[in-house]
Every structure is written in C-alpha cells, then in structure tokens.
Amino acid sequence: MLRMMREWRFIKQMQRAGQGHHPKGIAATEPGACAVLCPALRHLKYGMCQTSFPLTLLSHRSRFLYALFLGIDANFRLARRNVSSDIVNPGLNQGYAFFVEEQAYKSFIGSQERAVQEMSLCSSHDAVNLADTRVSRGLAATGAGTVDCARHNFKWPCSVGDLQKDERYINMDYLFFSSMRSSADVSVLNISYNITCQWSKHIWTRMSTFPHQYHIQHHEKSITFLVPKFHLPAHVAKCQTSFSFNFIKGVGHTDGEAPERGWADINPIATSTREMGPGSRRDTLDDHFNDWNWKKICAMGSIFHRKYNFALIEVQERVDDLNDFEASLATDELAKWRKDVEEWEANRSRPNPFEGRAMTTMTQAAVRLALSTAEATEIERGNNMSLHDDISPSVLISSGLELEDQQRRLEFDAKVAGQHATDAQKGKLIQRVNALRRRIDTWARVQLLYMPGISHLRSPDDIATEAKVHNINLFLPSSLPHRWELREAQAYDTLNDLRTYKDTFIRGQRANTQANGIINNAEHRIDALSLKYTTSRGALLKLASRLGKNDDWERSLKPLDKQKDAVPLKHDDG
C-alpha cells in the first residue's frame with residue numbers, strides 16, 4: 001500500500017509538471033522541473049527577456065523590482081533515524097523538485113569532510129561553533145537545510161538537503177549555489193541568513209572548491225547579505241547596523257524569516273518522516289513542499305488585495321510621520337544626514353552612517369565599567385582615595401541614582417494602585433517602602449563619610465520619620481568625581497528605553513478590557529520614564545554650570561515635550 005501511494009504521488013507530480021510525456025522519458029527531467037515555482041522566479045526567468053533593455057541598464061530606483069530575496073535556514077526537527085538505505089529505499093525524485101540530487105550532494109560533501117569550520121567572531125552562534133560536535137548517534141540526518149524565497153515565503157527548487165553534522169558551511173553553501181542555478185541571470189540579490197555575518201565572509205573563496213556549474217558571477221551582481229529581523233538582536237552591535245533590513249533601500253517590510261514560517265507548516269509531519277527510509281522521506285517532503293507552494297499561489301490574490309488596501313492607508317501615515325520628524329530637525333543636520341545615507345546606499349564600502357550614530361552614547365553599564373577599571377588602576381598605583389572599604393565615590397553615586405529611580409517607581413506604583421487597592425497590593429507596596437527605607441538609611445550612613453556637611457541638612461531621624469519614602473531628599477553630590485558621566489549615561493539610557501517602549505506599543509491595541517489594561521500599564525511606564533529623563537536632564541543642567549561644561553550635550557539630550565514626544569497611546573489611532 002505504501003509503495004502504491006508513493007508511485008501514485010510521483011505519477012501525479014510528473015503529470016502536473018507536464019513531464020509525463022517527455023520525448024526523452026522521465027529520466028530527462030531537468031532539476032527542479034516538478035517544483036511549483038514562486039511567481040517571482042517565473043518573472044525573473046521569463047519576464048526580463050521580454051524587456052526592451054538589459055536589467056543592468058535599469059535605474060537604481062527600479063532595480064529593486066527585479067531583486068531576488070533568498071532566505072537560508074536549517075531545521076533540526078527534520079532529523080531522520082539511521083534506518084534503511086538509498087539502495088533498499090531509493091527516492092523516485094532525482095532532484096526533480098526541492099531536494100537536491102542525493103548522489104551528487106553526498107559525493108561532494110564527502111570530498112570536503114576534512115574542511116574546518118571557522119569559529120564565529122560575533123555572538124556565540126551554536127550553529128557555527130558546534131557544527132562539528134552535535135550528537136548524531138543513531139541518526140542518518142541531524143536535520144535539513146533549505147533556501148526559500150524570502151519575499152513571498154515559497155520553497156525554492158533544488159535547495160533542500162540533509163545535514164550530517166549540524167549546520168555546517170559546506171552543506172549550506174551547496175544548497176545556496178544549487179538554488180542559484182535556476183536564477184543565475186539575476187542582477188540584484190538579497191541573501192538573508194541568521195549567521196550571515198560569519199557565513200558570508202569567505203563564501204566566494206569556498207565557492208572555488210565547487211564544480212564550475214555551481215559558480216556565480218558575483219562580481220557582476222549587486223549582492224546584499226542580511227540577518228533576519230527576529231534573529232538580529234542576538235548579534236553584536238556592529239552586525240545590527242551592517243546587516244539590518246531596516247537600513248537597506250528597496251527591501252520594503254521584508255523580515256527574512258520566511259524559512260521559519262515554512263518550518264512551522266512542515267514540523268507536524270517530522271515525527272513521521274523521522275522513521276522513514278531516505279527515499280520515502282525525500283519524496284514525502286517534496287510533496288508537502290509543493291503543497292505549501294500551491295496553497296501560497298491560490299491565496300496570493302486575497303493576500304495581496306488585503307496588503308494593498310492596508311498599504312494605501314499606511315503609506316500616508318508614514319509620510320506624515322517622516323515629515324513631522326524632519327520638521328523637528330535642523331535643516332543643515334538633515335541635509336548632511338541625507339547626504340551620508342545616500343552615499344552609503346550607493347557605495348556600501350563607505351562609512352556606515354547608522355553605525356556611527358549607534359555608537360555615540362555611553363550606557364550606565366559602560367560608565368560603571370570604565371569607572372571600576374579606573375579605580376582598579378589607582379589602587380594598583382597605591383592611590384586609593386576611598387573612605388569606605390566596600391563603597392568608593394563612584395559606587396556611592398551610582399547607588400544613589402538607583403535609589404532615586406526606585407523612589408520614582410514606588411511613587412508611580414502607589415498612584416496606579418490608588419485608594420481602592422486590594423490588601424495584597426497594599427501589602428506589597430508596604431514591603432517595598434520598608435525595604436527602600438532601609439536601603440536609603442544604609443546608603444546615607446556611608447554618604448556622611450564623603451559628605452560630612454549633609455549632617456546639617458538631614459538628621460538621622462529624618463529618614464525614619466518621613467511619611468512618604470519617595471520624598472526623602474538624597475542630596476546627591478555635585479562635587480564628587482564622575483557625577484557628570486553617570487548622570488549623562490542615565491539620561492541616554494532612559495531616552496533609549498523611552499524610544500523602545502514607544503516603538504513597542506506605537507500601534508495601540510483594540511478597544512477591549514484586557515487591551516485597555518495593557519495600554520494603561522504602558523502609559524504609566526512611559527510617564528515614569530519621561531519623569532526620569534526630565535530629572536536626569538535637570539541635574540545635568542545644574543552640573544553643567546558648576547563644572548564649566550559647554551552646551552554640546554544639549555544637542556542630543558533635548559528637552560522632552562511630553563505632548564509631542566511621548567503621546568499617550570490611547571490617543572494614537574494607529
């Protein structure tokens with residue numbers, strides 16, 4: 001019965017692909033000829049030759065229309081146990097659909113068995129660093145790799161293959177170069193891969209080890225390597241600016257996560273294919289991949305219609321947002337920024353303007369690290385100026401800033417709870433008040449060592465008798481060293497948190513009880529961050545005059561207009 005099912009499925013596949021009556025027989029079927037193709041591939045293969053001029057002559061404004069988006073990924077749910085063999089259980093498809101031709105694939109991988117996997121210099125990518133160590137005992141394949149159309153979420157012909165030892169470059173290289181054989185004439189290529197920052201470094205050097213038919217004329221193409229949006233935050237800061245979809249012209253809202261959506265569709269049959277023989281498994285997966293592509297084509301009309309209507313509304317909103325943002329910037333700064341970006345877009349070898357601006361601010365963590373390092377150096381030189389064994393001047397100030405922040409949070413949480421708080425809410429608030437009061441009392445005792453004059457401004461009983469702990473004046477010092485650096489870093493951190501929080505909830509939520517609670521909590525958080533930033537900036541204004549600082553810092557840490565810069569979410573119709 002199973003054999004009959006496989007034969008019937010194969011015959012129907014050949015019939016649907018128009019290969020059933022091939023003059024030279026089924027054996028003459030070309031690689032990928034039975035795959036249901038992404039319309040973009042058909043357009044790139046057959047549409048360009050009908051144009052009256054070569055693609056290379058198209059303007060940069062319209063070249064994105066002919067760009068090919070490829071997404072690369074691996075799925076370790078699609079492992080296969082070491083049962084049967086290709087001799088006992090051969091596949092009927094010989095590279096006719098999505099899986100590459102098995103014999104040529106394994107022969108090449110076997111010839112490169114001694115190739116050493118280069119270690120990752122970015123974050124600790126397990127896919128790279130552990131490629132030769134994944135446990136494969138009892139498995140004939142530890143998973144499957146794929147290359148998809150990242151723009152339309154289609155499986156790409158001749159682009160799927162088994163993995164023998166995790167996600168090695170040699171496997172993914174083969175699948176990528178194999179997939180490009182069906183679109184060798186493409187001039188604009190955008191490649192998305194979650195480890196592209198490492199994989200792309202020596203890809204053209206590794207290509208030289210492949211047979212000539214797999215080579216790409218990369219010097220004649222515009223190739224951009226990118227990291228999918230969901231995976232990008234796990235990379236180091238430099239990668240987040242160099243490989244971001246958000247900074248590349250002509251990619252629209254593409255996120256590069258197409259393979260993940262395909263895996264979500266195929267994973268439910270992984271437990272079945274795990275126990276199959278090699279040929280049965282490949283034929284089954286090919287059939288499911290064709291089904292996925294066919295369903296995508298059938299749904300394209302309604303999907304594009306919905307997205308088009310949504311885009312008509314969104315485009316005007318985004319234009320208005322851009323105009324409002326540009327109106328708030330100085331004309332000369334805006335012109336320089338636009339010039340830098342346009343030059344970088346025309347020539348990616350020029351300095352990345354996004355990278356430069358991303359590295360201009362110091363975080364509180366970075367400032368604390370720098371201060372701790374400086375203190376360690378002074379101690380080694382015998383210049384220890386600390387008056388306390390455990391708390392140095394910089395630790396005193398940073399601890400004071402943290403206490404100040406806790407005071408603000410407690411005040412806001414008390415207002416949110418209101419007069420009708422439950423007993424549980426009241427109990428938690430009182431516990432936090434008591435804990436904060438004890439921390440302030442301990443901190444204030446150390447403060448007297450560095451600032452004896454505080455004893456004239458605050459008596460020991462003031463902390464215990466103050467009814468509202470958030471009203472206790474900490475008298476943070478302005479004369480002790482490093483106060484400016486910590487305050488400036490605090491302002492930048494708060495401003496970044498405020499931007500992130502607004503970006504997260506900028507669309508608002510539908511009007512229902514749960515959503516209203518989410519919006520209210522978000523607005524309270526935004527209010528707290530706004531107050532924290534305003535307080536930090538106010539402290540910087542006072543310190544600037546005392547320390548003789550110029551006004552350069554005010555260009556980036558501008559006054560916060562809550563009505564414009566932190567609009568309540570309930571007033572946002574997005």
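Leucine 68 stands opposite leucine 189 in strand 7. Helices (H or I, at least four residues) and strands (E, at least two) are DSSP runs, numbered from the N terminus. Please bear in mind that this is a predicted model, in which local features need pLDDT of at least 70, side-chain atom pairs count only at pLDDT 80 or more, and totals for chains, interfaces and linings use all residues. Residues are numbered from 1 along each chain as its sequence is written, and side-chain values use heavy atoms, with hydrogens and water left out.

Strand 1 and strand 7 run parallel and are joined by 5 bridges; two strands pair if DSSP finds at least two bridges between them. Strand 1 is also joined to strand 4, by 6 bridges, and these two run antiparallel. There, alanine 74 stands opposite glycine 145.

Is strand 1 buried or exposed? Of its 8 residues, 8 are buried, so strand 1 is largely enclosed by the rest of the structure. Buried means under 20% relative accessible area, exposed over 50%, and partly exposed in between, with a 1.4 Å probe and protein chains only. One side carries Leu68, Leu70, Ile72 and Ala74, the other Phe69, Gly71, Asp73 and Asn75, and all are buried. Across the protein chain of 574 residues, 42% count as buried.

I turn now to the cores. The largest nonpolar core has 42 residues, and Leu70, Ile72, Phe176, Phe177 and Trp199 have the most contacts inside it. Such a core is a set of buried Ala, Val, Leu, Ile, Met, Phe, Trp, Tyr and Cys residues joined through side-chain atoms within 4.5 Å. Elements that each supply at least two residues include strand 1 (68-75), strand 4 (143-149), strand 7 (188-193) and helix 5 (169-180). Helix 5 gives the most to this core, with 8 residues.

Setting aside neighbours within four places in sequence, phenylalanine 177 is in contact (heavy atoms within 4.5 Å) with Ile203, Trp204, Met207, Phe210, Tyr214 and Ile216.

Finally, the chain as a whole. Its secondary structure comes to 20 helices and 8 strands. Among contacts with a separation of 6 or more, 76% are between residues 24 or more positions apart.
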